[in-house]
Amino acid sequence: MRLSYLWTALTCSAIAEGRYAGHEESFWVNKEDDLRLNDVGKNSVAPFIDQLFGELLKPRLDCNSEDFVSVSSQIDVMEDEDPDFKAQCGFFNENPVVLPLDTYMKDLFFFSGIVTFAHLPAVKCFAEDELNADIVIVGAPFDTATTYRPGARFGPNGIRQGSRRIGSGISPVRGFPGSKLRLLNPYNSSYKIADCGDIPMTPFDNRVALNQLYRGQRKIHNHPSLKEPEKPPRIITLGGDHTITLMALRSAYEKFGPLAVVHFDSHIDSWSPDVLGGGVSKRARLNHGTFLHYAHEKGYLANNSAIHVGIRGPYIDSHDDLHDRECGFEKIVSRDIDIIGIRGVVDQIKKRIGDLPVYITFDIDVLDIASAPGTGTPEPGGFTAREALTILDGLEGINLVGADVVEVAPAYDSNGDITVITAASVVDSFIGLMTVE
């Protein structure tokens, strides 16, 4: 539609000067014509470029004037032209393009400014003594504890890039029918949301990097929430490989107590270090497949309140299922959605977590490869993006105190940015759950 609009304008302007197909002269005004037509008094017909762009190319003496609003000047059409073309040109004469005001407040903002998540304000959370926010987005650029493909250190930046079209408006598909989420604009609610950027994490030593992440999360949690000063801000972390969740859980646990954990993933990630990593070195025992083992061992998980959702990856050892249950997890495997449906999945999650403070960790590989190719350990047969987002929105009413989306590796994504856009929508759902009242 935009192309046809522009083409009609071009055609009308060209016809006005007798430069369209069927005329001997060139479609474009050459230098000599431009000089001739601009020679005052010699020709009353404005040159092609002036007719097309009008006042846009004229000197603007008063930059604060609001009188300068039109792109188009009058397009002169020859008397012997076709009536249909005359009508089209007349439309442009009667409906000039209106330029936005100098404030930029009405311009499209998708590609402007510094890229933050959903165009949220950027805040220096780690250098300031005060943090006036209720919900904080923070990146964890870390991927040196993966078992297959690295690249998730670029996940935070990728997710922010994928969020450029998020940030305003009400979604007609949030939540189940009748949900308050369908009337909610999370970015214009009573909660202030900010993007703290990325926590600095060294790529050379996992022990130092994870300590940096913990201290960054603790720094944010030590501030009071703006709306509820008796509580800390809630953090949504952009990973990073899944190891980062352990430090996020540690900091959240110190403020909220034992947490009900909802773990969206194709892999259990509760493997015993003796099975995964421990045979290499003691340092390698903590990785993106064992962090839930350690979360249980450290007491961060509330008893009988943790659940996996979307599991389908193969076990490594015959005792993995038993060990997983010893770590306190129930599981919903990916194909259960075909048996019990989305409402059945939601009901089972809510029954498991109860009224406890909830932490949701979302590994993007819980989705099928078609929905999320850009990840480190892909598995076929996962949820679609629509199914996962509907499940998340169905958790409306839970006490969500923290969340993350991890294992986004943009290097393996499609040219259309499928994975990072979907990951941004997952974060958008988290924000909805945190702001709905």
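Strand β7 (residues 357-363) and strand β8 (residues 399-406) run parallel and are joined by 7 bridges; strands here are DSSP runs (E) of at least two residues and helices are DSSP runs (H or I) of at least four, both numbered from the N terminus. This is a predicted model, in which local features need pLDDT of at least 70 and side-chain atom pairs count only at pLDDT 80 or more, while totals for chains, interfaces and linings use all residues. Residues are numbered from 1 along each chain as its sequence is written, and side-chain values use heavy atoms, with hydrogens and water left out.

Within the pairing of these two strands, T361 has D404 of β8 as its bridge partner. Two strands count as paired if DSSP finds at least two bridges between them. On this basis β7 and β8 belong to an open sheet of 8 strands, with parallel pairing and the order β2-β1-β3-β8-β7-β4-β5-β6. The edge strands, β2 and β6 (329-333), each pair on one side only. Neighbouring strands of the sheet are turned by 15° against each other on average, direction ignored; axes are lines fitted to C-alpha atoms, for helices over the stretch in contact, and angles run from 0 to 180 degrees between N-to-C directions.

Helix α5 (residues 155-162) lies across β1, β2, β3 (234-239) and β8, and runs at about 105° to β3. Helix α10 (residues 337-353) lies across β4 (260-264), β5 (306-311), β6 and β7, at about 160° to β6. I349 is in contact (heavy atoms within 4.5 Å) with V262, F264, I307, V309, I332, I391 and L395, leaving aside its neighbours within four places in sequence.

I349 is also among the residues with the most contacts inside the largest nonpolar core, together with F117, F264, I360, F362 and V405. Such a core is a set of buried Ala, Val, Leu, Ile, Met, Phe, Trp, Tyr and Cys residues joined through side-chain atoms within 4.5 Å, where buried means under 20% relative accessible area, exposed over 50%, and partly exposed in between (1.4 Å probe, protein chains only). This core has 50 residues, and its largest share, 9 residues, comes from helix α12 (residues 418-435). Apart from it lies another core of 38 residues, including C125, L131, A145 and L249.

In strand β5 lies A306, which is buried, with a relative accessible area of 1%. Setting aside neighbours within four places in sequence, A306 is in contact with V261, G328, F329, E330 and R352. The C-alpha atoms of A306 and F329 are separated by 4.9 Å, although these residues are 23 residues apart along the chain.

C125 lies in the loop between α4 (83-94) and β1 (135-140), and C196 lies in β2 (residues 193-198), so the pair ties together parts that are 71 residues apart in sequence. The link is left-handed, with -70° about the S-S bond, and both cysteines, C125 and C196, are buried. A search of the whole structure finds 1 disulfide.

Note on methods
A disulfide is a pair of cysteine sulfur atoms within 2.5 Å.
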